[in-house]
Amino acid sequence: MMSQDPSNTQVQIDLNAYLTRIGYDGPEGTPPTLETLRAIQRGHVCSIPFENLDAVLDKPIRLDRQSVQQKLIFDGRGGYCFEQNGLLIDVLTQLGFEVESQSARVRFSATRDFTPPRTHLFAKVTVEGIPYVVDAGVGGLSPTEPFRMDIEDPQSSPHDTRRVILDDASGNWFHQVQLGEHWNDVCEFTGESMPMIDREVANWWTSTNPDSKFRKSIMSAIADPDGSRHTLGNRHYTHRQDGKVIDEQHIESTTQLLEVLATKFYIHLPSDTVFGIDGL
């Protein structure tokens, strides 16, 4: 499932359309500053939902620039890390930021003695000599602000608190989120880049392997500017803030699921959609 235009050299992101899509309210002229970066990441995670619905529906997930911007910007859909962060990397690069792709292993809910596949993409963005994690592709744990990679101090945002720590034993870094009193691993990375060919291979495995969680579960997530988050897993929808449940629904039918996707995640699918997961 290789991209039709792997080099992406002939296509540019429509920045005006993207900034409108995310409700950008940052500095005029979008200078490559930390203030701009914060506004873009917050707007992106609060406007473009994380979702894996095409993988569930057995539709190809294409990573070329034209396909990604058509789906996430013009079609009003969302996507998972390769789409979300691929788009962010292209946008930030066009705006003049210093950006590097980074490969990682998602580790949330996994013990350190287990090795998950290296199938996660995020961005390292350097502003005034300081490197930041920018990641819109970890579902309900997607940070809504960039956070520094060069210090281990906790860094708070309206949604949660993050940090990056170095594991002396492995020499790898861990992106962590504080949930309650505990620090939880989100992903592990080495600083290795993730060029398009590596994304294509990982995307093919993630979106087509029958054992991939993205093939076996319906997922969606989006953040609200008020500090709350909406998450969906198959028949369970939850709206949380500060770790507390504000609202939740048990989804009884495909019709109800499509309504939740439309009203909570702004994803509009045909009324005859059949997911083939958990009776939906």
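At what angle do α4 and helix α5 (residues 81-94) pack, and how far apart are their axes? The angle is about 105°, and the axes are 10 Å apart. α4 and α5 are therefore roughly perpendicular to each other (that label covers angles of 65 to 115 degrees). The axes here are lines fitted to C-alpha atoms over the stretch in contact, and angles run from 0 to 180 degrees between N-to-C directions. Helices themselves are DSSP runs of H or I with at least four residues, strands are E runs of at least two, and both are numbered from the N terminus.

A quick word on the ground rules: this is a predicted model, where local features need pLDDT of at least 70 and side-chain atom pairs count only at pLDDT 80 or more, while totals for chains, interfaces and linings use all residues. Residues are numbered from 1 along each chain as its sequence is written, and side-chain values use heavy atoms, with hydrogens and water left out.

Who touches whom between the two helices? On the α4 side you'll find Arg65, Val68, Lys71, Leu72 and Ile73, which meet Glu83, Gln84, Leu87 and Asp90 in α5 (contact means heavy atoms within 4.5 Å). Sorted by class, that makes four nonpolar, one polar and four charged residues.

Staying in α4 (residues 65-74), have a look at Gln69. Gln69 counts as buried because its relative accessibility is 4% (buried is under 20% relative accessible area, exposed over 50%, partly exposed in between, with a 1.4 Å probe and protein chains only). Beyond its neighbours within four places in sequence, Gln69 is in contact with Val11, Gln12, Ile13, Asp14 and Phe74.

Now for the salt bridges. Each one needs a side-chain nitrogen of Lys or Arg within 4 Å of a carboxyl oxygen of Asp or Glu, and the count comes to 16. Glu51, Asp54, Lys71, Arg77 and Glu83 are linked in a network of them.

| Salt bridge | N to O distance |
|---|---|
| Asp150 and Arg148 | 2.9 Å |
| Asp160 and Arg229 | 2.9 Å |
| Arg235 and Asp278 | 3.4 Å |

Arg235 sits in the loop between β11 and β12 (236-241) and Asp278 in the segment after α8 (254-264), so this pair ties together parts that are 43 residues apart in sequence. Arg235 counts as buried at 18% relative accessibility, whereas Asp278 is partly exposed at 44%. As for the other pairs, Asp160 and Arg229 are both buried, while Asp150 is partly exposed at 40% and Arg148 is partly exposed at 26%.

Note on methods:
Angles under 35 degrees count as roughly parallel, over 145 as roughly antiparallel, 65 to 115 as roughly perpendicular and the rest as oblique. Ala, Val, Leu, Ile, Met, Phe, Trp, Tyr, Cys and Pro count as nonpolar, Asp, Glu, Lys and Arg as charged, and the others, Gly among them, as polar.
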